[in-house]
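Here are a few notes to read alongside the structure.

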Amino acid sequence: MSTPPTPAPSATPPTSEDARRKRLLSYSSKNMIYSMLAVLVVAFAWWSLMPNPDEPQRRPAEVEQAAGFAAREADWPIWSPVGLPETWSGTSVSYATIDGVPTWRMGWVSPQTEYVALRQTVDPPESWSGEVLRGLEQQGPVALQGPAGEQDWDVFTGVDRNGVPEVALVLAPTPDQPATTIVHGTADVPEIAVFVEALEVAEP
C-alpha cells in the first residue's frame with residue numbers, strides 16, 4: 001500500500017512583531033539616508049564659504065577707530081591713509097609692542113593685489129627695522145608728498161626672508177614727525193607712492 005504524499009508546509013503568516021521589525025528597518029534606512037543628505041548639504045555650504053587660497057584675504061579693518069586709539073596712546077603723530085580708492089583693502093591694523101617699542105602698523109592690499117604695510121615708532125632698535133629690511137639693499141631716495149609735505153624717502157629693494165621680491169621706503173625722523181616710518185610690501189614704488197600720498201595725521 002503506497003504512502004500518500006506529504007503535503008508541502010504552508011507559509012507561516014507574518015506576525016505583528018515581524019511587521020513592526022520591517023517598519024523599523026525601513027524607518028532606520030530612510031533616516032540614515034536623510035542624515036547623509038543633511039551632512040552633505042552642510043559640507044557643501046561650508047566648502048562654498050571657504051576662501052580661495054589663490055586670492056588675498058581682504059577682511060575689512062577698522063582703520064579709523066584703531067588710528068584714533070593709537071593717536072591717543074602714542075607720543076608721536078600717527079599716520080593713516082585717508083581717501084584711498086575703494087580698490088584698496090585694509091587687511092590688518094594694530095598698536096602693539098614690537099621689539100620692545102610701541103608700534104603703529106597696518107596692512108593693505110593694493111589694486112594690483114600686492115601687499116603694502118606701514119609701521120611707525122620712536123627710537124626703534126636695530127632689530128625693529130632689520131626685521132623688515134633684511135635682504136634688501138638701499139637704492140637711493142625718492143621724493144614723495146606726505147603728511148609733512150614733500151620729503152625724501154630712502155628706497156630699499158630686494159627679496160625678503162622667504163625669497164619674495166619686496167620694496168621698502170624708509171623715512172627718518174624729522175621735527176614734525178619724531179617717529180621712524182617704514183612703508184613696505186610686494187607692491188612697486190608707484191603703488192606705494194599712492195599709499196604714502198594718502199597718509200594724514202590721525203585725530204585722537
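Is Glu131 buried, partly exposed or exposed? Glu131 is partly exposed, at a relative accessible area of 35% (buried is under 20%, exposed over 50%, partly exposed in between, with a 1.4 Å probe and protein chains only).

1. A word on the basis. This is a predicted model, in which local features need pLDDT of at least 70 and side-chain atom pairs count only at pLDDT 80 or more, while totals for chains, interfaces and linings use all residues. Residues are numbered from 1 along each chain as its sequence is written, and side-chain values use heavy atoms, with hydrogens and water left out.

2. The salt bridge. Glu131 pairs with Arg119, their closest N and O atoms lying 3.7 Å apart (the rule asks for a side-chain nitrogen of Lys or Arg within 4 Å of a carboxyl oxygen of Asp or Glu). Arg119 belongs to strand 4 (residues 115-121) and Glu131 to helix 3 (residues 126-133), so the pair ties together parts 12 residues apart in sequence (helices are DSSP runs of H or I, at least four residues, and strands runs of E, at least two, numbered from the N terminus). Arg119 is buried, at 5% relative accessibility.

3. The helix itself. Trp128, Ser129, Val132 and Leu133 are buried in helix 3. Seen down the axis, the buried residues fall within an arc of 115°, so they line one face of helix 3 (the arc is taken from the directions from the helix axis to the C-beta atoms).

4. A loop to look at. Asp123 sits between strand 4 and helix 3. Asp123 is not a glycine, yet has a positive phi of about 50°, and Asp123 is exposed at 67%.
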